[in-house]
Amino acid sequence: MDQKAFEGLRVVELAQWVFVPVAGALLADWGADVIRIERIEGDPYRGLATQGIGADSGGVNLSMALANRGKRSVALDLRREEGRAVLDRLLETADVFLTNFRPGALARLGLDAETLTERFPRLVYARGNGYGSRGPDADLPGYDSSAFWARGGMAHVLTPPDREDPIGQRGAMGDRNGAMALAFGISAALLRRERIGKGSVVDVSLLATAMWTLSSDLLSALQGQKPRAAAGREASPNPLVGTYRTKDGRHIQLVFLQGDRYWADFCRLVGREELIDDPRFVDLAARRENRKACAAELEAEFAARTFEEWKDLLARIDAPWAPIQAVEELLDDPQVLANGYIGQVTEGDVTYSLPTVPVQFDERPPDLRRAPEHGEHTETVLLELGRTWEDIATLKDAGAIP
């Protein structure tokens, strides 16, 4: 790619942990110069490696690498006047200010949306938060496990009704989904700026991200209906949609939403032509009426073949289905490999792999770059801003930079 979509744009990121930093990483993937401002002591997310989270055998903090790839890191003490002045100078060069600091902290620093958009009318001011920028809980701390998973209804609807306690969440699910929405919002705001010459304030919350994810359930609630709890195939009116267990204990997901379109071909595929015209299963209405009997026939068929045998057999029919794979099986999935959904980062003698952004331009994923060390680019960025080495020494003496 000759020029990346965000090449020439500067993003100043004042954020930590996962949600908002991942949005910055997505922008960096497509060419933005993302300068992340870290505290003198560093992003607390770096510390998770000491708990065995995110570090591999080569010592790379993969969680930090995923959330911060392609960025530059400047360490500043914003409590000191000298550090705050450096940030002000950076903001003068910025197209986007990206933050997940809470409203109270931003106001104390003079970095609230009203102040910065008045000073820099073309600035896109983007913030990610737990519960939204208004309301009684706007200043509450919000993580994906609390704002997205718990309060956003995800844990409730995904927990089987016969389970006493809610199921747990996989790592940073809400964070990374929210980051995609925030990167989209920033992109739209930059396009709008090109048209009207003025920046916008962009907001994405983890609570809203959960609600959007659960739109189907919310539609039921809006109609006065109680959304159904997560349930298996036995509760579905269409036995051709659901999971079936194979002979070796694996599972296949059928998604024959247009059951009448696929029923005859499927019956021929498995050598059960007599089921095609069976009055119990002849059409969608009949299969719904006799769904338990239909499911029993399918269960017996699936139990007669192994997982691999089913994958080979179903590959012969043009119908929607999928093997239920373990995460480690994705690493060798032909579609994953063909589309470059896992990329590599090489730095010196160290090479490691990361998932790529789901968005591709011109059928290509972005080239992945490593994440910065804490404060790695502090001096470089200061020199770019016109500071001298004497200035840098003064900032060090004042404790504004490490």
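Trainee: How many bridges join strand β2 to β3, and do they run parallel or antiparallel?

Mentor: In this predicted model, strand β2 (residues 33-38) and β3 run parallel and are joined by four bridges. Within that pairing, Ile35 has Arg72 of β3 as its bridge partner.

Trainee: Which way do the residues of β3 point, and are they buried or exposed?

Mentor: From strand β3 (residues 72-75), Arg72 and Val74 point one way while Ser73 and Ala75 point the other way, and all of them are buried.

Trainee: Which strands pair with β4?

Mentor: Strand β1 (residues 10-14) pairs with β4 in the parallel sense over four bridges, and β4 also pairs in the parallel sense with strand β5 (residues 124-129), again over four bridges.

Trainee: Changing topic, what is the order of the strands in the open sheet, and is the pairing parallel or antiparallel?

Mentor: The three strands of that open sheet come in the order β7-β8-β9, and their pairing is antiparallel. β7 and β9 (321-323) stand at the edges with a single partner strand each, so one side of each has no neighbour in the sheet. From one strand to the next, the twist averages 20°.

Trainee: How many bridges join β7 to β8?

Mentor: There are five bridges between β7 and β8, which run antiparallel, and in this region Tyr244 stands opposite Ile252 in β8.

Trainee: Which helix lies across β7 and β8, and at what angle to β7?

Mentor: Helix α13 lies across β7 and β8, and runs at about 40° to β7. Helix α14 packs on the sheet as well, touching β8 and β9, with its direction making about 30° with that of β8.

Trainee: What should α13 span, going by its residues?

Mentor: With 12 residues (291-302) and 1.5 Å a residue, helix α13 should span 16 Å, and this agrees with its end C-alpha atoms, which are 16 Å apart.

Trainee: Which residues of α13 are buried, and what covers them?

Mentor: The buried residues of α13 are Cys294, Ala295, Leu298, Glu301 and Phe302. They cover an arc of only 120° around the axis, which puts them on the same side of α13. As a general point, an α-helix has 3.6 residues a turn, so residues three or four places apart point the same way. What covers the buried residues of α13 includes β7 (241-245) and β8 (251-255), together with the helices α11 (259-269), α12 (284-289) and α14 (307-314).

Trainee: How many aromatic pairs does the structure hold?

Mentor: The structure holds 11 aromatic pairs. One of them is formed by Tyr244 and Phe302, and this pair is stacked, at 5.1 Å centre to centre and with 15° between the planes. Tyr244 lies in strand β7 and Phe302 in helix α13, so the pair ties together parts that are 58 residues apart in sequence. Both Tyr244 and Phe302 are buried.

Trainee: And why is the pair of Phe302 and Trp310 stacked?

Mentor: The planes of Phe302 and Trp310 are at 20°, with the ring centres 4.0 Å apart, so that pair is stacked. Trp310 is buried, as is Phe302.

Trainee: Which residues form the aromatic cluster?

Mentor: One aromatic cluster is formed by Tyr244, Phe256, Tyr262, Phe266, Phe302 and Trp310.

Trainee: Last topic, backbone angles: what is phi of Trp17, and where is the place of Trp17?

Mentor: Trp17 has a phi near 65°, a positive value in a residue other than glycine, and its place is in the loop between β1 and α1 (19-29). For background, most residues other than glycine have a negative phi. At 25% relative accessibility, Trp17 counts as partly exposed.

Trainee: And Ala172, buried or exposed?

Mentor: Ala172 counts as buried, because its relative accessibility is 12%. Ala172 also has a positive phi, near 55°, and is found in the loop between α7 (154-158) and α8 (173-196).

Definitions and conventions
Residues are numbered from 1 along each chain as its sequence is written. This is a predicted model: local features need pLDDT of at least 70, side-chain atom pairs count only at pLDDT 80 or more; totals for chains, interfaces and linings use all residues. Side-chain values use heavy atoms; hydrogens and water are left out. Helices (H or I, at least four residues) and strands (E, at least two) are DSSP runs, numbered from the N terminus. The expected span of a helix is 1.5 Å times one less than its number of residues. Buried means under 20% relative accessible area, exposed over 50%, partly exposed in between (1.4 Å probe, protein chains only). The arc is that of the directions from the helix axis to the C-beta atoms. Contact means heavy atoms within 4.5 Å. Two strands pair if DSSP finds at least two bridges between them. Axes are lines fitted to C-alpha atoms, for helices over the stretch in contact, and angles run from 0 to 180 degrees between N-to-C directions. Rings of Phe, Tyr and Trp (its six-membered ring) pair if their centres lie within 6.5 Å; planes under 30 degrees apart count as stacked, over 60 as edge-to-face and the rest as tilted.
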